[in-house]
Amino acid sequence: MSSRSQHSTAGLPPVLPPASECAEWRALSAHRDRMEQRHLRELFDADSGRAERFSLEHGDWFLDYSKNRIDGETLTLLLDLAHARQLPQRMEALFGGERINRSERRAVSHMALRSTPDRPFSIDGEDVSADVESVLSRMSDFARRVRSGDWKGSTGKRIRHVVNIGIGGSDLGPRMAAKALAPYADAGLDVRFVANVDGADLMGALRDLAPEETLFIVCSKTFTTQETMANAMSARAWLVEGLQDESAVSHHFVAVSTQLEKAASFGIPSAQVFGFWDWVGGRYSLTSAVGLSLMLWVGEDSFREMLSGFHSMDEHFRTAPLAENMPVLLGLLGVWYSSFFGCGSHCIVPYSEDLAQFPAYLQQLDMESNGKRVDDAGREVDYPTGPVVFGQTGTNGQHAFFQLLHQGTQWVPCDFIGFSQSHDPLGSHHDILMAHFMAQTRALAFGRSAEELEAQGVDSRLVPHRTFPGNRPSNTLLAPRLTPSALGQLIALYEHRVFVEGAIWGINSFDQWGVELGKSLAESILPDLDGLLDPGSGHDGSTDQLIQRYRGQRRSLPPEEE
């Protein structure tokens with residue numbers, strides 16, 4: 001996995017002035033003041049072709065963005081802003097393998113992981129396609145051996161349980177995709193995921209497993225991630241204790257890492273280590289060897305079908321005109337609401353139980369990417385950037401937070417994701433589900449006026465409580481069925497949406513320095529949880545107080561509860 005070491009910035013678009021200083025930004029601010037006074041009811045009444053005009057289709061996905069607080073002028077101004085912020089040039093640099101992650105001087109080329117032979121990817125002038133296919137082929141061979149029973153545990157029994165140990169991108173992506181693609185899974189394998197360093201997570205996953213039938217995948221690029229390695233070491237101890245055989249580790253552990261020596265010290269031979277590259281960020285790593293657990297679960301064919309879906313959306317993003325480009329339009333709408341209307345949150349509502357983990361996956365993708373307060377030049381921005389992302393499956397969310405979405409004092413842009421066909425048809429269940437799917441976007445957009453309620457004879461005392469203001473924007477994404485290809489397209493759509501938003505804001509969507517401080521402080525606190533607390537430890541008064549209380553309460557527990 002060679003990669004050149006020079007840190008050239010040749011070919012990179014220049015760092016631009018702050019976004020708020022450009023004329024196109026000011027034009028949008030003035031336009032926002034006008035649009036604030038317009039209601040979606042009015043916009044639909046004035047344009048009978050609005051739904052068709054503000055819809056777009058690519059691959060499996062149909063996007064209806066007509067229920068947004070926009071008109072034709074809004075789109076024109078947003079596209080003008082995209083050009084002013086050099087979005088086409090930044091897209092070219094992304095796909096050209098340039099080191100657009102400026103703070104870490106890295107290329108960002110996760111698209112190379114799902115490309116095709118006719119679309120090679122070069123980084124620093126070096127084609128990485130052969131390296132990518134080599135790892136993918138090794139993954140495929142290993143998955144076939146495990147799924148067929150050819151790979152056996154140390155006692156000669158076949159593997160029936162796979163436990164993926166990782167955190168962040170090494171967990172959220174494969175965990176989400178494994179649930180999403182469960183209808184395509186091998187019924188003979190049980191795949192589980194462990195991320196939290198809380199012992200309850202690992203012990204809960206292991207409680208009903210037989211060591212001789214269990215395979216662990218340790219996902220850690222550096223093989224030093226504290227939470228992952230704590231779980232891996234405890235899983236190793238559980239296995240060795242259960243089998244009474246230290247050498248069993250090599251039959252029951254594989255790694256996704258770049259650190260062969262550290263893996264070997266753990267007991268994992270180099271032939272069982274699957275590598276990846278520094279141009280693959282953790283939250284973009286599902287299509288790398290990090291997806292090994294998913295390939296074991298659904299098989300090579302379904303995994304490669306998912307890669308084809310990713311590639312389809314990659315190519316659409318790369319080649320479609322901005323005005324007809326699904327990720328571009330979603331990204332521009334995200335900027336419109338975050339920066340010009342001050343919307344501090346964004347809601348994701350999949351009407352599919354199989355996509356239950358998708359909102360959590362998007363939380364990392366979006367918030368770790370665009371939750372930044374300084375731009376590429378280190379200047380503090382004077383406009384809101386990434387929103388808080390939250391969500392839940394419909395219809396569950398309707399009985400939880402939808403009250404706020406419909407009648408709260410703040411309005412929240414929403415994405416509704418649904419499918420025309422179910423993998424689990426059961427009477428009228430799917431029709432009921434999708435009726436709610438469509439009804440909610442209608443209710444958010446058009447609401448229910450006091451005049452309508454009064455005309456229906458509703459008690460005047462209840463009218464204020466039962467009035468829905470409407471004018472609350474949403475996007476609707478509809479596909480025929482949740483297939484591996486459709487899932488790949490959907491994930492890539494959001495990946496590129498995040499890139500578009502970061503490009504407009506002028507921030508680096510591909511570093512994550514915000515996770516570092518808490519990690520380093522935890523390392524300084526950990527020794528004090530067991531040792532004698534020195535009054536001069538350097539912690540603040542609150543932290544010292546909490547350490548003392550924690551130590552006292554932990555030691556006062558009876559041994560069996562500790």
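These notebook entries record what I looked up in a predicted model.

**Entry 1. Conventions**

I number residues from 1 along each chain as its sequence is written, and I use heavy atoms for side-chain values, with hydrogens and water left out. Since the model is predicted, local features need pLDDT of at least 70 and side-chain atom pairs count only at pLDDT 80 or more, while totals for chains, interfaces and linings use all residues.

**Entry 2. The open sheet**

I took helices (H or I, at least four residues) and strands (E, at least two) as DSSP runs numbered from the N terminus. Two strands pair if DSSP finds at least two bridges between them.

I looked up the strand order and found an open sheet of 5 strands, β6-β5-β7-β8-β9, with parallel pairing. The edge strands are β6 (190-194) and β9 (273-274), each of which pairs on one side only. Within this sheet I examined β7 (residues 214-219) and β8 (residues 253-256), which pair in the parallel sense over 4 bridges. Phe216 has Phe253 of β8 as its bridge partner.

Axes are lines fitted to C-alpha atoms, for helices over the stretch in contact, and angles run from 0 to 180 degrees between N-to-C directions. Helix α7 (residues 169-180) packs on the sheet and touches β5 (161-165), β6 and β7; the direction of α7 makes about 150 degrees with that of β6. Helix α8 (residues 199-206) also packs on the sheet, touching β6 and β7, and its direction makes about 170 degrees with that of β6.

**Entry 3. Helices α4 and α14**

How do the axes of α4 (residues 72-84) and α14 (residues 326-340) cross, and within what distance do they come? I find that they come within 10 Å and cross at roughly 100 degrees. That makes α4 roughly perpendicular to α14 (angles under 35 degrees count as roughly parallel, over 145 as roughly antiparallel, 65 to 115 as roughly perpendicular and the rest as oblique).

Helix α4 contributes Thr74, Leu75, Leu78, Leu79 and Ala82 to the contact, and α14 contributes Leu329, Leu332 and Trp336. I sorted these residues into 7 nonpolar, 1 polar and no charged (Ala, Val, Leu, Ile, Met, Phe, Trp, Tyr, Cys and Pro count as nonpolar, Asp, Glu, Lys and Arg as charged, and the others, Gly among them, as polar).

**Entry 4. Aromatic pairs**

Rings of Phe, Tyr and Trp (its six-membered ring) pair if their centres lie within 6.5 Å; planes under 30 degrees apart count as stacked, over 60 as edge-to-face and the rest as tilted.

Phe341 is in the loop between α14 and β10 (345-350) and Trp411 in the loop between α16 (402-407) and β12 (414-419), 70 residues apart. Both residues belong to one aromatic cluster, formed by Trp25, Trp336, Tyr337, Phe340, Phe341, Tyr383 and Trp411. Phe341 has a relative accessible area of 15% and is therefore buried (buried means under 20% relative accessible area, exposed over 50%, partly exposed in between, with a 1.4 Å probe and protein chains only).

I also looked up Phe358 and Tyr494, whose ring centres are 5.7 Å apart with planes at 75 degrees, so this pair is edge-to-face. Phe358 lies in α15 (residues 358-370) and Tyr494 in α20 (residues 484-505), so the pair ties together parts that are 136 residues apart in sequence. Phe358 is buried at 0% relative accessible area, and Tyr494 is buried at 4%.

**Entry 5. Strand β12**

Why do I call β12 largely enclosed by the rest of the structure? The reason is that 6 of the 6 residues of β12 are buried. Cys414, Phe416 and Gly418 point one way, and Asp415, Ile417 and Phe419 the other way.

β12 runs parallel to β10, joined by 4 bridges, and parallel to β13 (residues 474-479), joined by 6 bridges. Asp415 is the bridge partner of Ile348 and has Asn475 as its bridge partner in β13.

**Entry 6. Asn325**

Asn325 is in the loop between α13 and α14 and is buried at 0% relative accessibility. Not counting residues up to four places away in sequence, I find Asn325 touching Leu56, Met91, His316, Phe317 and Ala320. Met91 is among the buried residues of α5 (residues 87-95).

Technical notes
Contact = heavy atoms within 4.5 Å.
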